[in-house]
Amino acid sequence: MSSAISIPATRPLNVVAASTSPTTASIHERMLFRKDSLTFPIRRPKVLHPVENEDLRLLILENISQEAVKAFQSQGFHVDHSTKAMSEDELVQKIGAYHAIGIRSKTKITERVLKAASKLLVIGCFCIGTNQVDLESAGKAGIPVFNSPFSNSRSVAELVISEVIALSRQYFERAFEMRSGLWNKQSKGCWEVRGKTLGIVGYGHIGAQLSVLAEAFGMRVLFHDVVNIMPLGSARQVDSLATLLAESDFVTLHVPELPETTNMISKEQLEQMKKGAYLINNARGKVVDIPALVNALKSGHLAGAAVDVYPSEPGSNGAPFDNQLNAWSSTLRSIPNVILTPHIGGSTEEAQRMIGEEVSSALTRYLNFGTTLGAVNFPEVDLRAITLEEPNHVRVCYVHNNIPGVLRQVNEVLSPFNVEKQYSDSKGDIAYLMADIADVSPSDVNSLREQISKTNANILTRLLV
């Protein structure tokens with residue numbers, strides 16, 4: 001057990017510490033910052049840092065935005081940054097030294113990796129999806145997972161519009177022929193998109209933005225979703241996937257990877273599509289039965305397809321996309337009017353910058369303040385900031401199993417102190433409590449942590465001072 005530490009005195013505002021207030025507004029900041037006539041904040045947030053007083057180490061993989069790396073470094077965190085993904089074996093060897101990890105879609109955080117992550121506190125997915133993380137195992141280990149569900153929506157929507165036009169005009173094929181030295185000017189099988197019907201499967205943030213863009217091109221928009229959603233513009237929700245497939249000239253997919261969406265577009269659904277229609281998948285690789293799509297394209301039932309995501313994808317740039325990765329790769333590559341892209345739906349400078357800002361802010365708020373707003377596998381809990389005028393306050397961050405009697409045990413430990421604010425919430429089997437305790441002496445800090453950690457439901461206890 002480490003010895004008691006001294007609670008630090010107030011620092012000058014220009015001193016960089018291991019934990020500082022986030023720069024983006026959160027619920028506690030909005031409540032905190034009233035302004036006087038000179039526009040200076042009346043109460044300023046206090047710098048918090050873990051009781052363990054250990055430098056926080058972050059592992060950032062897959063060429064995540066340098067802006068995110070700089071944001072972490074500005075907080076005093078030690079950051080190791082790599083442009084590549086890591087295999088499960090590599091992660092098992094290295095993850096034990098880190099308190100946080102940032103990944104995109106290629107790195108897999110499995111149960112085996114989590115068991116080796118003895119210090120890991122938080123995971124950041126710098127992308128929309130989180131299916132590359134074992135969310136249940138992470139939650140059971142007391143590790144929240146954050147992502148960026150909206151930041152690349154515009155980039156994906158614009159890619160879809162470009163693919164609609166490219167497929168309709170076959171200019172992907174014409175460009176390839178020109179680069180091969182062949183002049184082949186033709187209009188047969190080439191169409192304007194004006195007046196055509198776009199069917200959107202999944203009317204979330206991407207689907208809704210795409211709907212607006214498509215109508216600006218004069219397209220008719222239908223959409224199918226598992227819940228009733230108010231459409232934008234003149235878009236219309238249809239009663240079933242079969243109806244959408246039968247009426248659409250272009251079908252584009254924007255759904256998460258779930259058991260119920262795996263191979264949701266297979267032989268039966270492809271046969272329901274119009275002859276001469278086009279399929280676009282920028283969602284998840286397992287949503288489409290690719291061998292069935294190959295057959296529909298080779299038979300001429302579909303006039304073309306655009307695919308940006310695949311069941312198995314290379315781990316780094318320069319790696320082969322061949323039959324060893326997916327048995328049908330060479331066949332799919334050989335079919336005319338098929339656009340294949342290497343998972344670039346959200347790969348724009350704007351999207352990556354916004355994703356970097358959003359996820360790095362979420363991770364920083366959790367590490368510094370315990371805030372879990374936006375976590376996908378965790379109860380969402382927040383408290384307003386401890387201020388500089390509250391020098392002897394301690395924040396308790398307690399992750400525990402969701403069983404009866406836990407709060408009674410914790411409050412018995414806290415009963416000698418003044419609990420100024422407290423909030424608890426649960427999600428499935430995991431519960432999370434945050435509490436700010438006043439007038440805590442340095443000698444009490446380690447005792448508090450030890451007593452709370454010994455409660456029978458404890459998963460992870462952190463104290464921030």
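Predicted model: local features only at pLDDT ≥ 70, side-chain atom pairs only at ≥ 80, totals over all residues.
**Entry 1**

Strand 13 (residues 394-401) and strand 15 are antiparallel and share eight bridges. Within that pair, V399 sits opposite Y432 of strand 15.

**Entry 1: D439**

Is D439 buried or exposed? I found D439 in the loop between strand 15 (430-438) and helix 15 (442-453). D439 has a relative accessible area of 60%, and the cut-off for exposed is over 50%, so D439 is exposed. Leaving out neighbours within four places in sequence, D439 still has contacts with N392, H393 and F417. I looked at N392 again: 47 residues separate it from D439 in sequence, but their C-alpha atoms are 5.0 Å apart in space.

I moved on to an open sheet of five strands, with parallel pairing and the order 2-1-3-4-5. Strand 2 (78-81) and strand 5 (145-146) are the edge strands, each pairing on one side only. Strand 1 (residues 57-60) runs parallel to strand 3 (residues 100-103), and three bridges join them. For L58, I noted A100 as the bridge partner in strand 3.

Helix 2 (residues 66-74) touches strand 1 and strand 2, and its direction makes about 160° with that of strand 2. Helix 13 (residues 349-369) touches strand 1, strand 3, strand 4 (122-125) and strand 5, and its direction makes about 170° with that of strand 4.

Which element gives the largest share of the largest nonpolar core? The core has 32 residues, and L253, I265, L270, L279, L293 and L302 touch the most other members. Helix 11 gives the largest share, six residues. I picked I265 and listed what it touches beyond four places in sequence: L241, L245, L253, L270, L279, V287, V288 and D289. Another core of 31 residues lies apart from that one, and its members include A68, F72, V79 and I430.

**Entry 2: helix 8**

Last element: helix 8 (residues 205-216), with 12 residues. From first C-alpha to last it reaches 17 Å, close to the expected 16 Å. I wrote down its buried residues: I206, G207, A208, L210, S211, L213 and A214. They pack against helix 6 (153-169), strand 6 (197-201), strand 7 (220-224) and strand 9 (250-253). Just after helix 8, G218 has a positive phi of about 85°.

**Entry 3: the whole protein**

I closed with totals. I got 15 helices and 16 strands, and 50% of the 465 residues count as buried. The accessible surface is about 21,700 Å², with 52% of it belonging to carbon and sulfur atoms.

Methods: Residues numbered from 1 in each chain as written. Heavy atoms only, no water. Helix = DSSP H or I, 4+ residues; strand = E, 2+ residues; numbered from the N terminus. Expected span 1.5 Å × (residues − 1). Buried < 20%, exposed > 50% of the residue type's maximum accessible area, 1.4 Å probe, protein only. Contact = heavy atoms within 4.5 Å. Areas by Shrake-Rupley, 256 points an atom, 1.4 Å probe, with all protein chains shown as cover. Pairing = 2+ DSSP bridges. Axes fitted to C-alpha atoms, helices over the stretch in contact; angles between N-to-C directions. Core = buried A, V, L, I, M, F, W, Y, C linked by side-chain atoms within 4.5 Å.
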